[in-house]
Amino acid sequence: MDDLLQEFIAETRETLEAISGEIVAWELAPADGARLDAIFRFVHTVKGSCGFLDLPRLARLSHAAEDVLAAVRDGNRTPDTALVNAVLGIVDRIAQIVDAIDAGATLDDSDEHALIAALAPDAQPTAPAAAAPVGRSASRSVRLNVDLLDHMMSGMSDMVLARNELARQLRDGDVDPKVEAALERLSLTVADMRDTVTRTRMQKVDALFSALPRMVRDTSAELCKAVNLVIEGADVELDREMIELMRDPLVHIIRNCIDHGIETPMARRAAGKPETGRLVVSARQSGNQILIEVSDDGQGIDVARIVAKAAEKKLHTPTELVAMSETSRLQLIFAPGLSSRDTVTATSGRGVGMDVVRANIEQIGGRVVLVNTPGRGLRIIINVPLTLSILSTIIVGVGTQRFALPRQAIEEIVMVRGDQVRPDMIGDAATATVRGKRMPLVSLGDLFKLTKDAPPTLVIVSTREGDYALGVDTVLDTEELVVKPASPAVMATGVYAGMTLPDNGLPMLLLDASGIAAVAGLRFAPVAAADAVTLEEVVPGIPALLFDDLDGQRRAIALAVIDRVEPVSTEAIRWSAGAMRLSVGDAIIPLYAVGDFASRREVAVLRLTDGESEMAYAIAEAIEIVELPFEIAPARGSGPIAGVVLIAGEQVELIDPHALFSGQPVMIASPPVCLLQVDGSGWMETFLKPALEASGYRCVTSLSKGETAAVALAMEDAPPCEALAPVVTLRRAISADGANDASIYRYDRPALIAALAARRTI
Amino acid sequence: MTDLFLVAHIAGRGVAIAAAQVDSVVDIGEIVAVPRADAVVRGLAALRSRVVTVIDTGIALGLSRTPDTMRRAVITVAEGHHYAILVDSVEDVAPFTRLPLSPGLALHGGWAAVGCGLVERDGEPLLILDLAAVVPAPGLAA
């Protein structure tokens, strides 16, 4: 956090210096829109940063100033001297507070309400208070011009080349070992320096992402929303300058996502989504671009409302709006002064953000792509060029030339020999069979017209579309290279991703594996088709464990609640103090079981946890991990079954962990016992038993020791000798013998089941 | 009104190149070929720590391939990329008055695309070569 604060201070100071001229100019010409915009952007940025750095005073001041400036921008207020003075007073105070924060000093805030009050339309002009300047403290970090770093980088490369040249010259002659030792030392220093200098430019994108969890937490708490942030690809390295420039847009986009995109827990529940919104921020490299993607599963953009807003604000004529494509309508959110929100919030403001966001990203040669799925979420993909990036590569040789291949594209490298790897011709298409797997083969020498020989080495490369084998002469080395974009004439070939200058001083081209596949005419049709399907709707399902329960039912439970699955001895399970409990080591945890396991010596239990408390669920056997479908047929009644889902065409009951943990009565739900008072004719066993068991009873003809029956069945002519359980009497005649006859006709199945249920002891 | 021009020889003809378009004049070292690129792209060469795209001026003008022995090049920058334009030789830099192309002058082939005026040196007309037109435009080649 300290780093962020330091950065905020440095940045605010820098902007303050930059806009001081604008402020003076605005004072002279208050109607000048461009000056106003610059100051507006400044207070807006300060407000944004304060939000997540937890600087309420600055946030208050900047928010107040922003309100007034927005009113001026909208034409609701005319900038007069009093207003200009009041805004300048706030800007001055921001500078003082920033200095105070830096110095660790406190600053009196008693007159701040006066500063804010001075912004009101009817405020009396006040004399600007002259606060005592606070001494600046020395900082351990300096901000450098990027040009200087660039110069240092190229100087470094020149130094490496000079060192190489010197080494070559020395190798030719007879060299004094002392000179050689000196050269060795020089080489080490140069290598070390090169790493350091490189590091000054490159930074893991983690530096950009590390502040996000806190910000997401604070923002979502502020808005009473539940958001789960997932960060992917924090290891991708990015130009430091790029990271700096990406910071504000990213923060803004994420705040917008939480504010406008993700709904309140209540709205989410109503829409059938999990209460906690999902926000995924990921970075990945694709060719010579870095893709930073922010996706949420919120409500997406309401395009109709955006269009209505644009019409209301007269940004476009109705005719223009009607003629717009869906994409251009979506792009309206980037129009200055347009917000889809009707109310202004402290979080993402009035939509001034998105125009600034796009301007910032376009300024670094990037692009913003929106993928909107109304009701399902929004994906914002930021493409930024890889102006300078270190890539781990493998150097391959073909003919007399060398090329670099990005290591991430390479699956493996195999030599053509023996039976394991064999190149074949199918018609006129070359293929390679590597350990039984057949894939297309592209000979680089052939494609580039460098050699005619069959390639002795195959590099198996994987692309988004599919894998193929790239035939080369030799694999020379691995090298970390600084890749730069090549000129358009070179890129037009479609087979290169960039160029680089390795230590030997000869330029080298970086191959683009997908491009080569395309140029060589490889078609990965089936895979590509499958890809298109997944692109359409990628909604990650909830993983769940499918298992056979003790009562023979197949059930599923969300994987997230399972801590582990382990076999326990049934001796460790006891019915004690009104509940089933499992002793694990020194602890006793509640156990839930739906069936009988007394006959087993061991039973598998799922150890469930909600993060704090723990419980166990006894099962027969774990089967596999499946992904839960979206559709869940709700269960009838309460109980630990949330509903029924369809998994691989089979109905599977889904366990409701919430019900388990919320203290549903824990008991063995073994089927009730029905005692059959047999009369020797065998009718009960043959006719009645299957029907009763289908209705959930366990039928016995005599009770074993310690067993109790829930209900007993007897024929009218063979009453039970002793009353072990409530008795249901069956009769042979269809009609009852008088009104007092409670017996039931033996083939009246519904009445029989109803009578059993009514009489049985629960 | 006079501008500074670099007088050079390309394909045996004298030409004038606006000094504003010239970054430097160098003798380039080894050229690494770029397979599959348009013939105009002779290859890549290292210029200190920078990689430049070497343009075969002969082919760019629709003439014959520039011989390998010719290594003198004029470096120019177009859209952030450095290009080395191969030339026969370079004379000097001098101020000249930019004149329009003589009426009725029939330039053919590549010359027509790159010529954008005339200068007169001691009575000898020199074609003004627009380096930006020599550099292959994006979308060309492939």
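Trainee: Which residues have the most contacts inside the largest nonpolar core?

Mentor: They are A:L511, B:I17 and B:I55, in a core of 82 residues. Keep in mind that this is a predicted model.

Trainee: Which strand gives the most to this core?

Mentor: Strand β4 of chain B, residues 41-47, with five residues.

Trainee: What does A:L511 touch?

Mentor: Leaving out residues up to four places away in sequence, A:L511 touches A:F403, A:A404 and A:L405, then A:V495, A:Y496 and A:A497, and also A:I516.

Trainee: And what lies apart from that core?

Mentor: Another core, of 39 residues. Among them are A:I243, A:V251, A:L279 and A:L378.

Trainee: A:V251 is in a helix, I think. Which residues of α9(A) meet α10(A)?

Mentor: From α9(A) they are A:L212, A:M215, A:V216, A:T219 and A:S220. On the α10(A) side they meet A:V251, A:I254, A:R255 and A:I258. By class, that contact has six nonpolar residues, two polar and one charged.

Trainee: At what angle do the axes of α9 and α10 of chain A cross?

Mentor: Roughly 35 degrees, and the axes come within 10 Å. Helix α9 covers residues 212-222 and helix α10 covers residues 240-261.

Trainee: Is the crossing of α9(A) and α10(A) left-handed or right-handed?

Mentor: Right-handed.

Trainee: Let me step back to whole chains. How many helices and strands has chain A?

Mentor: Chain A has 22 helices and 35 strands. It runs to 762 residues, of which 31% count as buried. Taking the contacts in chain A with a separation of 6 or more, 62% are between residues 24 or more positions apart.

Trainee: And what does the secondary structure of chain B come to?

Mentor: Three helices and 10 strands. Along the sequence the pattern is β-β-β-β-β-α-β-β-β-α-β-β-α.

Trainee: What percentage of chain B counts as buried?

Mentor: In chain B, 36% of the 142 residues count as buried. As for its contacts between residues at least 6 apart in sequence, 53% join residues at least 24 apart.

Trainee: How many residues are in contact between chain A and chain B?

Mentor: On chain A there are 22, and they are in contact with 25 residues of chain B.

Trainee: Which helices of chain A each supply at least two residues of the side that touches chain B?

Mentor: Helix α6, residues 146-172, and helix α17, residues 488-491. By class, the side of chain A that touches chain B has 12 nonpolar residues, seven polar and three charged.

Trainee: New topic: sheets. What is the order of the open sheet of five strands in chain A?

Mentor: The order is β32-β31-β33-β34-β35, and the pairing is parallel. Strands of a sheet pair through backbone hydrogen bonds, either parallel or antiparallel.

Trainee: Which are the edge strands?

Mentor: β32, residues 698-700, and β35 of chain A. Each of these pairs on one side only.

Trainee: How many bridges are there between β31 and β32 of chain A?

Mentor: Three, in the parallel sense, with β31 spanning residues 673-677. One place to look is A:L675, which stands opposite A:V700 in β32(A).

Trainee: And over how many bridges do β33 and β34 of chain A pair?

Mentor: Four, also in the parallel sense. Strand β33 is residues 711-715 and strand β34 is residues 727-731. There, A:A714 stands opposite A:T729.

Trainee: What joins β34(A) to β35 of chain A?

Mentor: Two bridges, and the strands run parallel. β35 is residues 744-745, and its A:Y745 is the bridge partner of A:R731.

Trainee: Last topic, the backbone. What phi does A:K449 have?

Mentor: A positive phi of about 55 degrees, although A:K449 is not a glycine. Most residues other than glycine have a negative phi.

Trainee: Where does A:K449 lie, and is it buried or exposed?

Mentor: It lies in the loop between α16 (444-447) and β14 (457-462) of chain A. A:K449 has 10 other C-beta atoms within 10 Å, so it counts as exposed.

Trainee: What is phi of B:A11?

Mentor: Near 50 degrees, again a positive value in a residue other than glycine. B:A11 is in the loop between β1 (2-10) and β2 (13-18) of chain B.

Trainee: How many other C-beta atoms are within 10 Å of B:A11?

Mentor: There are 16, so B:A11 counts as partly exposed.

Technical notes:
Residues are numbered from 1 along each chain as its sequence is written. Chains are lettered from A and ligands numbered from 1 in the order in which they are written. This is a predicted model: local features need pLDDT of at least 70, side-chain atom pairs count only at pLDDT 80 or more; totals for chains, interfaces and linings use all residues. Two residues are in contact if their C-beta atoms, placed from the backbone, lie within 7 Å. Ala, Val, Leu, Ile, Met, Phe, Trp, Tyr, Cys and Pro count as nonpolar, Asp, Glu, Lys and Arg as charged, and the others, Gly among them, as polar. A residue is buried if 20 or more other C-beta atoms lie within 10 Å of its own, exposed if 12 or fewer, and partly exposed in between; C-beta atoms are placed from the backbone. Two strands pair if DSSP finds at least two bridges between them. Axes are lines fitted to C-alpha atoms, for helices over the stretch in contact, and angles run from 0 to 180 degrees between N-to-C directions. A crossing is left-handed if the near helix is turned anticlockwise from the far one by less than a right angle, and right-handed if clockwise. A nonpolar core is a set of buried Ala, Val, Leu, Ile, Met, Phe, Trp, Tyr and Cys residues joined through C-beta atoms within 7 Å.
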